[in-house]
Amino acid sequence: MIPLNASNVIFQNFNQNENLILKVTKSSFLPTKIKKSSISIINSSNIIDGFEFYLCFDKKILNNINLKNKKIILLEDKFSYLDEGDIIRINLMDKRVKVLFRKKSKNNSFLVTEKCNHYCLMCSQPPKNINDEWIFEEINKIIPLIDKKTEVIGLTGGEPTLQKQSFLKLIKNFSNFLPETKIHILSHGKTFQDIKFAREFSDFSNYNTVIGIPLYSDISNIHNYIVQCENAFDETIRGIINLKKLGQIVELRFVIHQLNFDRLEKFAEFVVRNLCFVDHVALMGLELMGFARANIDDLWIDPFLYKDNLSAAVNTLSLNGINVSIFNHQLCTLNSDVYEFAVKSISDWKNDFLPNCSNCKKKLECGGFFSSQLLRPSEHIKPFQ
Ligand code: SF4
């Protein structure tokens with residue numbers, strides 16, 4: 001696991017209180033304007049002049065006479081992975097630092113809002129009805145600092161599309177500043193049933209934006225119950241159809257648990273018959289965070305127990321030419337006929353393994369666990385010999 005949040009950070013010589021968004025650098029050859037929004041990493045002997053902010057990971061450096069009057073942030077050594085092009089938020093009031101973007105990672109994502117009009121039983125980020133418009137504003141400030149060669153950035157929530165105009169502005173900014181970057185948006189899809197909104201979105205988005213939309217059953221009542229919202233199934237399907245009419249890339253996401261594992265094969269047949277135009281289907285293991293943890297006894301099922309259902313669904317989709325993947329599953333809980341569909345999908349900062357896994361010959365190919373899944377791993381974890 002990679003730490004992203006630092007608390008009780010030591011700040012030296014700061015006299016302001018507002019949050020700062022800064023890009024980490026080791027370079028000395030930067031234009032003055034860029035230096036102003038950067039923080040220079042210092043090691044024992046190398047202090048680059050001309051920056052307002054400095055970052056270090058070793059307390060002893062603070063005794064250096066040349067740094068007496070500099071604004072310095074001291075982080076624990078476990079953050080010394082921070083490197084050129086990474087972006088951090090410094091919260092001086094709370095003495096916290098949050099890593100917002102890591103240039104070398106393919107798992108960068110931004111939580112756009114905590115608001116949502118669904119209340120999914122297994123939501124890993126339970127919604128809050130608060131005014132969090134500031135998050136959009138902050139991301140808009142971060143976008144110009146992000147490396148232009150970034151392959152992929154995720155947008156999550158809450159429901160990112162709820163504040164329509166703020167969302168559209170954000171998408172426009174991503175397209176303008178990062179035209180090559182794949183923007184992967186997690187959305188319940190309902191907002192796109194408004195064709196005007198769907199059109200504006202497709203006008204603003206770049207060519208490889210992907211919308212990941214959850215559909216948790218082929219039966220509307222089961223989906224509506226899981227997301228705790230009447231009519232959600234119909235509205236989501238309308239949204240998906242609008243997006244596809246406009247040529248957008250749509251991924252369906254089916255999170256598997258006790259309430260829907262027995263619909264897996266029927267769901268696959270439903271997709272083949274009715275939604276064969278979607279671009280990808282992800283069949284996903286449960287992350288035991290938020291409401292999923294609170295509802296664990298109603299939701300959790302050992303993945304080993306539904307491996308035949310999963311194989312049947314994957315084979316139905318794949319044989320019918322639909323691009324399908326298995327996310328968030330350990331290889332030893334799957335049937336061998338679907339190994340090739342299993343993807344290492346868990347973000348690096350929350351990816352973990354059991355001690356036993358170190359003896360496994362397939363560890364490098366295995367996606368492992370969410371750290372939260374270690375709370376209740378499958379009883380059938382067995383290293384490959
Ligand atoms: S033993 Fe561990 S590493 Fe091996 S397949 Fe199972 S979960 Fe993955």
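Biologist: Are H3 and H4 roughly parallel or roughly antiparallel to each other?

Modeller: The model is predicted, with local features needing pLDDT of at least 70 and side-chain atom pairs pLDDT 80 or more, whereas totals for chains, interfaces and linings use all residues. Residues are numbered from 1 along each chain as its sequence is written. The axes (lines fitted to C-alpha atoms over the stretch in contact, with angles from 0 to 180 degrees between N-to-C directions) of helices (DSSP runs of H or I, at least four residues) H3, residues 164-177, and H4, residues 195-204, come within 8 Å and cross at roughly 20°. H3 and H4 are therefore (angles under 35 degrees) roughly parallel.

Biologist: Which residues in H4 do those in H3 meet?

Modeller: By class, this contact of H3 with H4 has five nonpolar, one polar and three charged residues. From H3, Lys164, Leu168, Ile171, Lys172 and Ser175 meet (C-beta atoms within 7 Å) four residues in H4: Phe197, Glu200, Phe201 and Phe204.

Biologist: How far apart do the C-alpha centres of domain 1 and domain 2 lie?

Modeller: The protein is divided into domain 1, residues 5-98, and domain 2, residues 109-375. Five residues of domain 1 are in contact with five residues of domain 2. The side of domain 1 that touches domain 2 holds two nonpolar residues, two polar and one charged. The separation of the two C-alpha centres is 35 Å.

Notes
Helices (H or I, at least four residues) and strands (E, at least two) are DSSP runs, numbered from the N terminus. Angles under 35 degrees count as roughly parallel, over 145 as roughly antiparallel, 65 to 115 as roughly perpendicular and the rest as oblique. Two residues are in contact if their C-beta atoms, placed from the backbone, lie within 7 Å. Ala, Val, Leu, Ile, Met, Phe, Trp, Tyr, Cys and Pro count as nonpolar, Asp, Glu, Lys and Arg as charged, and the others, Gly among them, as polar. Domain bounds come from an automatic or database domain assignment.
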